[in-house]
Structures are given as structure tokens and as C-alpha cells.
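Q: I am new to this structure and would like to learn how its features are read. Could you take me through them one at a time, giving the general idea before the case?

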Number of protein chains: 2
Amino acid sequence: MLYMVGLGLGDERDITLKGLDAVRSCKHVYLEAYTSLLAFGIGSSALSKLEELYGRPVMLADREMVEQSAEEILTEARSANVAFLVVGDPFGATTHSDLMVRAKRLGVEVEIIHNASVMNAVGACGLQLYRFGETISVPFFTETWRPDSFYDRIKTNRSLGLHTLCLLDIRVKEPSLEALCRGKKIYEPPKYMSINTALEQLLEIEHSRAENAYNEDTLCVGLARLGNSSQKIVAGSMKSLLAVDFGPPLHCVIIAGQTHVMEEEMLAFFKIDGAHAHS
Amino acid sequence: MLYMVGLGLGDERDITLKGLDAVRSCKHVYLEAYTSLLAFGIGSSALSKLEELYGRPVMLADREMVEQSAEEILTEARSANVAFLVVGDPFGATTHSDLMVRAKRLGVEVEIIHNASVMNAVGACGLQLYRFGETISVPFFTETWRPDSFYDRIKTNRSLGLHTLCLLDIRVKEPSLEALCRGKKIYEPPKYMSINTALEQLLEIEHSRAENAYNEDTLCVGLARLGNSSQKIVAGSMKSLLAVDFGPPLHCVIIAGQTHVMEEEMLAFFKIDGAHAHS
């Protein structure tokens with residue numbers, strides 16, 4: 001049996017009782033380490049906290065390892081319980097469909113244990129989930145690569161009055177250019193896009209496209225470390241959020257569409273000037 | 001402190017460790033009983049399972065009670081820990097924003113403990129969450145009330161190639177017409193819309209609107225009891241799903257937009273004819 005277990009967003013105690021039961025029944029436990037890793041503070045101390053809680057050694061599985069060792073993991077899962085742990089939900093922002101498809105093709109039983117992910121926890125800011133349009137991902141601009149295909153999606157969402165959740169780029173274990181040239185395995189330090197960088201890039205694109213999908217006065221909500229005890233949610237104009245220090249990753253940002261009364265009442269608690277709806 | 005604790009989708013063991021810690025620290029524990037109630041099998045036996053796990057009495061709070069007794073609940077929360085338990089996530093399909101706004105206005109500290117909800121767990125069928133458009137709700141038709149405003153939203157989503165999650169009507173503790181006339185509190189038995197009813201209604205609307213937002217050959221995914229051990233997911237044309245017995249509530253249905261290769265590989269495992277992508 002392959003258990004794909006969502007760990008939620010905060011720390012090791014965001015696992016469900018069902019998830020914990022499953023992990024404790026497993027011979028091998030893998031933790032996907034290629035997304036959202038930092039969200040969870042998966043340093044050595046966080047890892048040992050997990051191991052202590054589970055009573056099992058936990059093997060960090062980066063993208064390379066999952067791709068290369070999937071057969072091995074799945075072969076283990078044919079004769080024993082194996083857990084593949086995912087920060088958030090197994091089918092959250094980053095899907096783990098590929099591992100599941102491979103498992104099912106090999107006739108390995110798969111059980112999914114769901115948990116919160118950024119895709120539903122963003123509701124905490126007060127914007128209602130059913131009023132979101134298509135979710136977009138904002139990649140880091142480079143000197144030569146400044147993609148803007150998501151601009152049209154934001155524009156469409158906004159024209160429909162819908163909110164847009166923007167997931168921000170995470171670069172973990174990217175081979176450095178030098179490494180690529182020399183064929184060596186040297187990695188860039190991990191990079192996590194901040195809300196500030198995302199907003200700068202978004203405004204740059206609006207400036208060049210000039211189709212008025214949004215502007216610096218558009219209401220946005222920045223969410224840092226969502227679901228964690230140090231979570232920081234601030235609502236305000238794009239311009240005003242540019243100056244906010246949201247602290248460590250992970251960050252995401254919502255570009256608001258039309259807001260309803262109840263949404264505004266909730267958002268008021270997160271407004272940058274601290275003004276409350278009732279004040 | 002008011003804890004708003006998501007219970008997830010399956011049973012009492014889908015609470016997170018953090019959620020359980022919170023509930024066990026509480027003097028008063030309320031369970032919202034006006035949505036998704038049946039999903040969780042909240043009959044008397046399920047309720048006593050919760051009470052046993054928590055070591056606390058759990059008070060069922062229906063909509064009426066929450067609206068009438070919010071002040072009381074919140075007054076309790078000023079001097080003691082109070083838990084308000086919600087099936088799914090506190091800010092899932094049904095928001096509990098109102099209680100939170102009231103709490104914050106009274107200066108009561110609120111802590112949200114997230115969990116899976118239908119809004120992210122639908123990813124289990126293989127359709128990717130970031131490719132969903134606006135979510136719609138399908139209400140029960142009556143003789144005189146056959147609303148179709150969601151038709152335009154489906155049409156928009158489909159024209160953008162996006163999937164549409166359709167949440168299906170739940171009628172719990174609706175006063176009967178007779179009761180309304182007589183001013184008595186008599187309630188209709190609870191009603192949960194099935195996937196079959198939803199599809200019939202959807203096809204009826206397409207028939208009358210005839211704008212080709214979808215048709216009986218459109219790929220849909222029916223999901224019953226999502227996240228529960230008896231979960232049933234079936235993918236197929238609208239027409240073919242009409243004949244599927246999905247069993248007890250809760251149901252929801254996805255009208256697919258354009259599907260990508262990875263989505264199709266996953267969906268193949270749920271196809272109505274049982275045909276797998278690799279066969």
C-alpha cells in the first residue's frame with residue numbers, strides 16, 4: 001500500500017490522526033522535499049521532530065530522487081506499507097499525479113489522506129473560495145525571460161469580478177548555470193519569490209502591456225507562511241503592499257476581484273492601515 | 001480564545017493533531033451541524049465517537065442556534081477556550097466568516113486550524129486545481145423556481161477551457177411550507193442533491209438555454225463522499241453518469257474543461273467503462 005499523506009501547512013502537528021496512523025504503519029517513509037519545503041521549516045531539526053512523532057526514519061525525497069527511484073519506492077509498496085508525505089495536500093498546488101499513476105499502473109493500492117493546502121487555506125483572509133477564478137503561477141523574471149502569459153488570466157478573472165490566487169515561484173535544487181555547463185551537480189541556493197518581488201513583476205507587466213488588467217491601486221492580499229503560527233496576512237493596494245515586510249517564505253498573493261460585503265468585513269481586519277470595518 | 005477547527009472530510013480521525021490539542025483544551029465544544037453534516041455521519045453514534053476522542057461533550061449547533069447564540073458562544077470565548085468545529089475547512093465551501101467577524105469585533109482572539117475541504121480534495125480525481133474556474137452551487141429546482149444563473153458561469157469557464165466544480169444543494173432543517181404558514185417549527189426531512197439530479201437539472205437548463213455551454217457528451221466527474229473510506233469517483237459523459245448509482249450523500253460534480261495529458265492519465269482510472277489509460 002502506498003499512502004500519500006498530506007501534512008498540511010503549519011508544522012508536524014498539522015498531520016491528521018488518520019495520517020499519523022498510516023505513517024506509523026509504514027516500513028518506509030518518504031517526505032517530498034521539492035516544493036513548499038521551507039514552509040514547513042524542514043531543516044534537520046524539523047525532520048527529527050517528524051521522525052520522533054512518527055517513530056520512523058524519514059527519507060527526504062527531492063524531485064530527482066522521486067523521478068529516479070519511483071520504481072523502487074513502488075516496488076517496496078507492493079509488499080509493505082510505504083508513506084509518501086507531501087506538505088499541504090497530495091493534490092494541492094503541485095500535483096503528485098505522476099507517482100499515483102505509476103503506482104496504479106503497477107497495481108499498487110494507493111490511499112490518499114487529504115489535508116489543508118494553500119488552495120483552500122487562502123480563505124482565511126476572508127475572500128470566498130468560490131469567487132476565485134483560475135489560479136496562476138508567477139515565475140522569477142530573468143534578464144532574458146520575462147514571461148507574461150498569466151497576465152491574460154488575471155485580466156479575464158478581473159473582468160469577471162473574480163479573485164486571482166497567485167502562487168509564487170520556488171527554486172529549489174536548481175542546477176547553477178556553471179554546473180550545467182560543466183555537467184556537475186552544483187545547485188543554486190534555494191530561492192523563494194516574495195510578495196514584493198511578485199508585485200513588482202506584476203506592475204512591470206501591466207506597465208508594458210497597458211491593458212489595465214489591474215493597477216497599483218488594485219486591492220491585493222499578501223499571505224505569508226499561511227497556516228503557520230507566524231502567518232502574516234495584509235490587505236491593501238498593490239502599491240502599499242510593496243513596502244510591507246512579510247518576513248520569511250512561503251508567500252502568495254491574491255489580486256482581488258469584486259468584493260462582497262462579508263468579504264470586506266473580514267478583509268478589514270487585515271487592512272494595511274489597521275482600519276476595522278466597524279471603526 | 002475561539003478555535004475554529006476544520007475536521008476534514010472523512011470521519012473523526014481526520015482532525016489534525018493541532019486541532020485535537022485545541023479541542024481538548026476547550027471548556028465548550030460546538031459542532032456546526034448545518035452543512036455537510038451527513039458527510040461526516042454525524043448521527044448519535046458519530047457524535048459519541050467525537051466526544052470519546054475529545055474527552056469533551058460536543059454540542060450540535062445548527063444555523064438557528066449559531067445565529068441566536070453567537071453572543072453567548074463569544075462571551076464564553078472571552079474567558080475560556082471555546083472550539084467551533086466545522087466539517088471540512090473553516091473557510092471551505094460554506095464560510096464561517098460571520099462568526100469570526102463578530103468574534104474579532106468583540107476582541108475575542110480567534111485561531112483557525114485548517115483542514116482539507118471539498119475545495120481542494122477534488123484534486124483526487126486528477127483534474128488539477130489551478131485549472132478550475134469559478135465554483136458554482138446548484139440549487140434544487142422547484143415547480144416555480146428554476147434558477148439558471150450558474151449556467152453563464154459554466155459557459156464562461158468552459159469557454160476558457162477551465163473545469164467547473166458544482167457544489168450541490170443541501171437542505172437541512174428547512175421549515176416546511178405548512179410550518180411556515182402556521183408559524184410552527186416543523187422541519188422538512190434533510191435533502192441532499194445527488195449527482196444524478198444535478199446532471200438532470202443541468203441538462204434541462206442546457207435544453208432551454210441552448211447556448212451549448214455543455215451537452216450530454218461533456219466529460220464530467222462525479223464525486224460522492226469525498227475523503228471518506230466509501231468515496232466513489234466516476235468520470236464519464238454527463239449522459240453516462242446519469243445512470244450511475246453513487247450511493248449516499250454528499251455528492252459534488254465537476255464539469256471538465258480542456259484536459260491535459262496528465263489529467264487524462266489520472267481520470268482514466270475513474271472512467272465509467274473501467275478502461276485504463278495503459279490498457
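A: Let us start with charges and rings: a charge sits over a ring if NZ of Lys or CZ of Arg is within 6 Å of the ring centre and within 35 degrees of the ring normal. In this predicted model, B:Lys191 lies over the face of B:Phe140, at 4.2 Å from the ring centre. In chain A, the charged end of A:Lys191 sits over the ring of A:Phe140, 4.2 Å from its centre. As for the conventions, residues are numbered from 1 along each chain as its sequence is written, while chains are lettered from A and ligands numbered from 1 in the order in which they are written. Local features need pLDDT of at least 70 and side-chain atom pairs count only at pLDDT 80 or more, whereas totals for chains, interfaces and linings use all residues, and side-chain values use heavy atoms, with hydrogens and water left out.

Q: How many aromatic pairs does a search of the whole structure find over all chains?

A: A pair of aromatic rings is described by the distance of the centres and the angle of the planes. Rings of Phe, Tyr and Trp (its six-membered ring) pair if their centres lie within 6.5 Å, and planes under 30 degrees apart count as stacked, over 60 as edge-to-face and the rest as tilted. Over all chains, the search finds 2 aromatic pairs.

Q: How many helices and strands are there in chain A, and what percentage of its residues is buried?

A: Helices (H or I, at least four residues) and strands (E, at least two) are DSSP runs, numbered from the N terminus. Chain A has 10 helices and 12 strands. A residue is buried under 20% relative accessible area, exposed over 50% and partly exposed in between (1.4 Å probe, protein chains only), and of the 279 residues in chain A, 56% are buried. Accessible areas come from the Shrake-Rupley method with a 1.4 Å probe, and for residues only the protein chains shown count as cover; chain A exposes about 11,700 Å², of which carbon and sulfur atoms supply 49%.

Q: In what order do the strands of the parallel open sheet in chain B run?

A: Two strands pair if DSSP finds at least two bridges between them. In chain B, 5 strands form an open sheet with parallel pairing, in the order S3-S2-S4-S1-S5. Its edge strands, each pairing on one side only, are S3 (59–61) and S5 (110–113) of chain B. Strand S1 (residues 2–6) of chain B is joined to S5(B) in the parallel sense over 4 bridges, and B:Leu2 stands opposite B:Val110 in S5(B).

Q: Which strands make up the open sheet with mixed pairing in chain B?

A: This sheet has 5 strands in the order S6-S7-S12-S10-S11 (chain B), with S6 (136–138) and S11 (232–237) of chain B as edge strands that each pair on one side only. Axes are lines fitted to C-alpha atoms, for helices over the stretch in contact, and angles run from 0 to 180 degrees between N-to-C directions; the twist averages 25° from one strand to the next. Strands S10 (residues 219–224) and S12 (residues 251–255) of chain B pair in the antiparallel sense over 5 bridges, where B:Leu223 stands opposite B:Cys252 and B:Ala224 has B:His251 as its bridge partner. S7(B) and S12(B) also run antiparallel, joined by 4 bridges, with B:Thr164 opposite B:Ile255.

Q: Why is S12(B) described as largely enclosed?

A: S12(B) is largely enclosed by the rest of the structure because 5 of its 5 residues are buried. On one side these are B:His251, B:Val253 and B:Ile255, and on the other B:Cys252 and B:Ile254, so that both faces are covered. Helix H8 (residues 195–209) of chain B lies across S6, S7, S10 and S12 of chain B, running at about 40° to S12(B).

Q: Is B:Ser194 buried or exposed, and what does B:Ser194 touch?

A: B:Ser194, in the loop between strand S9 (191–192) and H8 of chain B, is buried, with a relative accessible area of 19%. Contact means heavy atoms within 4.5 Å; not counting residues up to four places away in sequence, B:Ser194 touches B:Leu168 and B:His251.
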